[in-house]
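Please read it alongside the sequence and the coordinates.

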Amino acid sequence: MTDSLSTSAGAYLRHPHLHGDLVAFVAEDDLWLAPLDGGRAWRLTADHLPVHHPRFSPDGRLIAFTSTRDGAPEVHVVPVDGGPSRRLTYWGNGETRVHGWTADGRPIATTGAGESGVRRTWAHAVPLDGGETARLPYGPVGGLAFEPDGERALLVTVNNREPAWWKRYRGGRAGKLWIGQDRFTRIHEELDGQLDSPLWVRERIAFLSDHEGVGELWSSRPDGSDLRRHSTDPDGFYARNAATDGTRVVFHRAGDLWLLDDLDTAAPRRLDVRLAGPRNGRRPRPVPAAHWLESAAPDRTGRASAVVVRGSVHWLTHREGPARVLDETPGVRARLVRVVPGEDGAQGVLWVSDAEGEDALEYAPAVHDPERRRLAAGQLGRVNSLVVSPDGKQAALGVHDGRVLLVSLADGAVHELDRSTDGEVSGLAFSPDSAWLAWSRPVHRMGPYSLRQIVLGNLATRTVSEVTQQRFVDTSPAFTADGRYLAFLSVRNFDPVYDAHAFDLSFPNGCRPYLVTLAADTPSPFGPQRAGRPPGGEEDEPRARKVADGEEGEDGAAPATRVDLDGIADRILPFPVEGGRFHVLRAAKDGVLWTRAPLLGELGDEAASLDDERPRPVLERFDLRKRRAEQLVHGVDGFAVSGDGTRVAVLDEGELRIVPADHKAGGEDDETAVDLTRLRVTVDPAAEWRQMYAENGRLMRDNFWRPDLGGLDWAGILDRYRPLVERVGSHDELVDLLWEVHGELGTSHAYVVPYGRYTEPARRQGLLGADLVRDGERWRIARILPGESSDPRARSPLAAPGAAVRPGDAVLAVNGRPVDPVTGPAPLLAGTAGQPVELTVAGKDGTDRRHPVVVPLADEEALRYHDWVAGRRAAVRELSGGRLGYLHIPDMQTAGWAQLHRDLSTEMAREGLIVDVRENRGGHTSQLVIEKLARRIVGWYAIRDTDHPVPYPMDAPRGPVVALLI
């Protein structure tokens, strides 16, 4: 199989199935057919949206497949001879996947619809008329196959993820094979690997397994004997998503389709399939600049900005001017653009570029001239932060391995100023005279996620000194425009707040802006003055005093910054503003700007409605002359200050606005909404995918938790997969390829998170939070799930006040449209999620017709999850005679922390406690959970006129704690 990359197709082929002399497969986000003997393929769908897992019907007339055309994946069928596809399911569940057909001609699909969690995917037989599905009695499964002319089924458990995406996984969620009819027996328990794609091929069973290190096709007798391997790839590519017609097996590997004619003596052969069509997914196309605006750096006066739009750099005038391209090289990504001050008002632009395959600085000395200089190529590493000195002579960089670098813009010379061995630095800031550099670095031996301190680099002596002590989280330093103060953000406000649910205290408003006087004789800007302050509070000092204090140098030169390091930590002062949550601090003329974020819950449950827009961060200014704070902008994603400190470029939800830095904008003359439509940006997907592939490789190389990447030849792995980038025809295929490349690391937390795909509200499936069954010509409500009032996501639409819908009622119409007796109300609920819907319902005997208005859900998982927990708790109560408590923790994240506390007090009060962590989705709060559960009662205290003593400490287990892990 050494020719696995030699196909003439030039396409990335996946998810094959076969019937007769045809093979169906997925490419370029559509479903295709091709002759098994090779040749030109033709499209069966033209939605250009991700589809997967096609399966021929037993008679070969139809193909069932999973399509995301309407948002969530749903089961569709399409005639092999052509014609429109037809949607069969309206589950609205992201885990839906087609696996095959029943012998009587019904597609089989697994889904988490109607279940309490995403890992509980049950198999359903789906009738071709779109009617009521049959839930198969196998429990949660990841795949299944039926014995030909027999009664047994071959099942695989729900895999952690597709084996090729986490190669050589050996954890508890690796796929396992089970075989049986009413009772099942595990088979091939001796194989230490991920088992996937269960098949029944004549009298043998077949499957994919990586127990020898690479995913290959294996088979055995149904009792597990006579184990054989049927495929081998010397290049180490995984065989994936195997399927069968009962006699032959087809699978895909590295973008090619492979066919095995039998399980006796045949060897796999590559199918020579060629796509017909223009490959539109790789064709350059324009994109809206507002949607892809990444950053903006205003020039000296705020008349123009250097902006980055989807990796291209532009010089954009703010009002009544052109947009000039500085760099839009296909396949090159620009980041971190900065304006470079020059002599006599000239300006250049500097940015980070990966044009040579590693980060380098790209320098345009003058924005209107074509000259470009590439500096420090191959000497930097991954650049995370970049700032240019006010004199325009050098740049400071913070890179991935904790180094702080200085790069001369004249000759590109690189000097290492400092290096943190505890994590990345942030918040680089030059003094106005370019003589000092401040930044935030992790405290030594505390790790990257703990304390941080502000340090100062003397650029003349190349020495680094501490400004703040190693006690707090100090970030975002900025020199004031006069060079007299260094402002920064610090989490050192210890004003505890009592928790509302548990006896606990926290410091949610622990951050505040602070200021340090750099020279020992510089007075506090907040304190009293000998002569007092003038009316209005604004400074009005004699010029002699200003010059003496260094506010203004000779001939308009930048003020000199004097620093007395002795006792500097004792000169730290808080700004006279309320503490809270702050994100970024920057200096402006005569003041300091910062973003203040509202104190919000992590889940958003505190909002009046989950649909409400959440409060946004605001931009505030503190005027050092008037000594007061003012809100400049409400709603901000990011901001940057012009070189002279008078204007601010504000990024907010795809808009770029230019506002004054010294007061709140009062009208059009004060504020400029920059017209972004002048930016013409064209994306070349093929070139962009090459860049994304290379950058992903560098990111993993530079950030993987082991420098040797687990002993793997990472460069060799990237070279091996790189030719596949040229065959990718859609973003979904690129995501699949990146997953497989990262899967070579064989480790967790090596994810690929694609940019989210928007689903039109008109296509979001509405769900009623109830189980419906077909009863003759009518669809009746079998069960209404109870809501959970403590979780706004778990509301029950049919149990809402005024709905008065009862089990047994028939749903006759939705918004006046009669319910089809075959397909039921689900098709009529498409697009109704979150919208008022009028139902027509009738009682069991057909009378008592009513018209309740309900609001369907977009997702029932929370509702069904709480119902599942309540059922488990009730079972524990019954089996233990009421002596044991029960808690389920769905994840180690904020949702799981909320769920733990939802019933913590009542369940801890029992004689013992069962903590169920099955199907836990992981996270970072496990140490908090363990701390909570590890409490031990050391005493009791009695309260007069009460019957029961109270334990000390509270919410501690009163007996044994047992964890359910599997």
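Buried means under 20% relative accessible area, exposed means over 50%, and partly exposed covers what lies in between, with a 1.4 Å probe and protein chains only. The model is a predicted one, in which local features need pLDDT of at least 70 and side-chain atom pairs count only at pLDDT 80 or more, while totals for chains, interfaces and linings use all residues. Residues are numbered from 1 along each chain as its sequence is written, and side-chain values use heavy atoms, with hydrogens and water left out.

**Confidence**

The predictor's confidence in each residue, pLDDT, runs from 0 to 100. Its mean over the chain is 93, and 96% of the residues reach 70 or more. Over residues 1-9 the pLDDT is below 50, and this stretch has 34 contacts in the model beyond near neighbours in sequence, a contact being heavy atoms within 4.5 Å. Residues 542-551 also stay under 50, and for them the model has 14 contacts beyond four places in sequence.

**Salt bridges**

Side chains of opposite charge can pair when their charged atoms come close. A salt bridge is here a side-chain nitrogen of Lys or Arg within 4 Å of a carboxyl oxygen of Asp or Glu, and a search of the whole structure finds 76 of them.

| Pair | N to O distance |
|---|---|
| Glu74 and Arg87 | 3.4 Å |
| Arg333 and Glu695 | 2.8 Å |
| Glu907 and Arg873 | 3.5 Å |

The elements named below are DSSP runs numbered from the N terminus, helices being H or I with at least four residues and strands being E with at least two. In the salt bridge between Arg333 and Glu695, the pair links distant parts of the chain, 362 residues apart, with Arg333 in the loop between strand S30 (323-327) and S31 and Glu695 in helix H3 (residues 685-703). Arg333 counts as partly exposed because its relative accessibility is 27%, whereas Glu695, at 7%, counts as buried.

The salt bridge of Glu907 with Arg873 joins helix H8 (residues 904-908), which holds Glu907, to helix H6 (residues 861-880), which holds Arg873, so the pair ties together parts that are 34 residues apart in sequence. Glu907 is buried, with a relative accessible area of 2%, and Arg873 is buried at 12%.

For the salt bridge of Glu74 with Arg87, Glu74 lies in strand S7 (residues 74-79) and Arg87 in strand S8 (residues 86-87), so parts 13 residues apart in sequence are tied together. Both Glu74 and Arg87 are buried. Elsewhere, a network of salt bridges links Arg14, Glu162, Lys167, Arg240, Arg720, Asp732, Asp736, Glu740 and Glu744.

**Helix H3**

Helix H3 has 19 residues and reaches 26 Å from its first C-alpha to its last, close to the 27 Å expected at 1.5 Å a residue, where the expected span is 1.5 Å times one less than the number of residues. Its buried residues include Trp689, Tyr693, Glu695, Arg698 and Met700. The buried residues of H3 pack against strand S26 (285-287), S31, strand S57 (681-683), helix H4 (714-725) and helix H5 (731-743).

**Backbone features**

Most residues other than glycine have a negative phi, and most peptide bonds are trans. Leu336, in strand S31 (residues 334-341), has a positive phi near 50°, and counts as buried at 19% relative accessibility. Asp955 has a positive phi of about 50° although it is not a glycine; Asp955 sits in the loop between S67 and S68 and is buried, with a relative accessible area of 14%. The loop between strand S67 (950-952) and strand S68 (961-964) also holds Pro953, and the peptide bond from Tyr952 to Pro953 is cis, with omega near 0°.

Gly843, in the loop between strand S62 (837-842) and strand S63 (853-854), is buried at 7% relative accessible area. Leaving out residues up to four places away in sequence, Gly843 touches Arg780, Asp809, Asp848 and Arg850.

Tyr941, in strand S66 (residues 939-941), is partly exposed, with a relative accessible area of 36%.
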